[in-house]
Amino acid sequence: LVHAGTAGTSTEIKSEGSYEGRLQRTDARGTNIWRSFTKKIVRTDLPGNCPRSLSVYPTSENGVTAHRGDSLRFPENSLRAFSAGNAVGADWIETDVRTTSDGKLVLLHNGTTKAYCSVDRSVSESTYAELRELDLAEKFRAKGGFSLKDCPKHEIVLFEDALDLILKERKARLSIQPKSDCVDQVMEIVRRKNALGWVGFNDGSLAKMRRVKELEPSVTVFWDRGRLDVDADIKTAKQYGFEWIVPNRRDVTPDKVKKIHDAGIKVGVWTVNDPAEMKRFLDMGVDRIYTDDPLALKKILDSRCK
């Protein structure tokens with residue numbers, strides 16, 4: 001499925017790759033029209049920091065990763081946050097996966113629920129049913145001054161349900177951070193749902209990211225780095241086929257960005273919520289920004305494409 005703009009749009013091709021699928025167009029009455037196609041489209045001639053590709057995904061690659069969804073406006077790692085991330089135009093949505101005591105894969109960044117509600121439970125020592133009883137929007141609601149109507153109860157989300165949402169809405173892809181030792185289990189679900197093309201993985205654990213590539217070399221890896229050792233990290237990324245190096249925002253400089261790019265690796269940065277800081281990283285040539293405020297980042301990118 002490819003969204004390639006309005007009818008009549010021309011594109012200067014820079015390099016090619018063959019894709020097959022269906023193309024959606026809208027006629028003068030607003031009716032969606034579908035037709036099968038085979039296209040050779042990868043790169044477009046656009047200004048810096050503009051989307052560089054028309055891909056097989058409806059949201060072209062634009063460098064906007066919605067960190068735990070649109071987590072500024074909705075409880076993090078909730079289906080509402082993911083849908084909102086899709087709505088604002090993020091091309092990737094990042095999430096965290098943990099394993100419960102009864103073997104279920106659920107979405108939660110922290111190992112306990114203390115940061116989200118007044119009940120403190122360990123994910124790994126609780127069953128899915130026990131965790132599902134909790135309202136993980138409780139503290140988000142209180143902090144934002146929202147009513148229960150405006151911000152309903154948020155039950156912990158199963159990984160499978162999040163993946164189903166991604167496949168249903170068919171906009172952004174899902175970047176999975178395996179907080180527990182669950183790469184194999186996650187990949188089993190992804191394969192069962194024929195969703196290999198809709199997921200990537202991000203983490204700082206070399207063992208986990210190496211395992212991803214062992215299981216499926218085609219799956220994108222965003223290798224998180226808390227502290228960059230540029231030469232060593234480039235060597236490791238090249239050795240294992242990691243497409244991205246994603247350092248913390250405090251450790252990104254123009255020289256480091258250039259060196260990683262010169263090695264043929266893309267550069268991301270996490271987690272950036274200040275618009276001025278977003279612009280600074282974009283000016284450095286950073287390819288991707290992880291943010292709790294994907295709307296703000298998307299507006300900046302759109303303004304640079306005019």
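Q: What makes two residues of this predicted model count as being in contact?
A: Contact means that heavy atoms lie within 4.5 Å. By that rule Y128 touches T100, D102, K104, V106, I156 and L158, with residues up to four places away in sequence left out. The C-alpha atoms of Y128 and V106 are separated by 7.9 Å, and these two residues are 22 residues apart along the chain.

Q: Why is Y128 called buried?
A: Buried means under 20% relative accessible area. Y128 has 13%, so Y128 is buried. Y128 is found in helix α2, residues 128-132.

Q: Why is the pair of F140 and F146 called stacked?
A: Ring centres within 6.5 Å make a pair, and planes under 30 degrees apart count as stacked. The centres of F140 and F146 are 5.6 Å apart and the planes are at 15 degrees, so the pair is stacked. The structure holds six aromatic pairs.

Q: Why is the pair of F222 and W244 called tilted?
A: Planes under 30 degrees apart count as stacked, over 60 as edge-to-face, and the rest as tilted. The planes of F222 and W244 are at 40 degrees and the ring centres 5.3 Å apart, so this pair is tilted. F222 lies in strand β9 and W244 in strand β10, so the pair ties together parts that are 22 residues apart in sequence. W92, F222, W244 and Y290 form one aromatic cluster.

Q: How do you know that F222 and W244 are buried?
A: The limit is under 20%. F222 has a relative accessible area of 1%, and W244 has 4%, so both count as buried.

Q: What makes the charged end of R225 sit over the ring of W223?
A: For Arg, CZ must be within 6 Å of the ring centre and within 35 degrees of the ring normal. The charged end of R225 is 3.9 Å from the centre of the W223 ring and counts as sitting over it. The charged end of R280 sits over the ring of F281, 4.7 Å from its centre.

Conventions: Residues numbered from 1 in each chain as written. Predicted model: local features only at pLDDT ≥ 70, side-chain atom pairs only at ≥ 80, totals over all residues. Heavy atoms only, no water. Helix = DSSP H or I, 4+ residues; strand = E, 2+ residues; numbered from the N terminus. Buried < 20%, exposed > 50% of the residue type's maximum accessible area, 1.4 Å probe, protein only.
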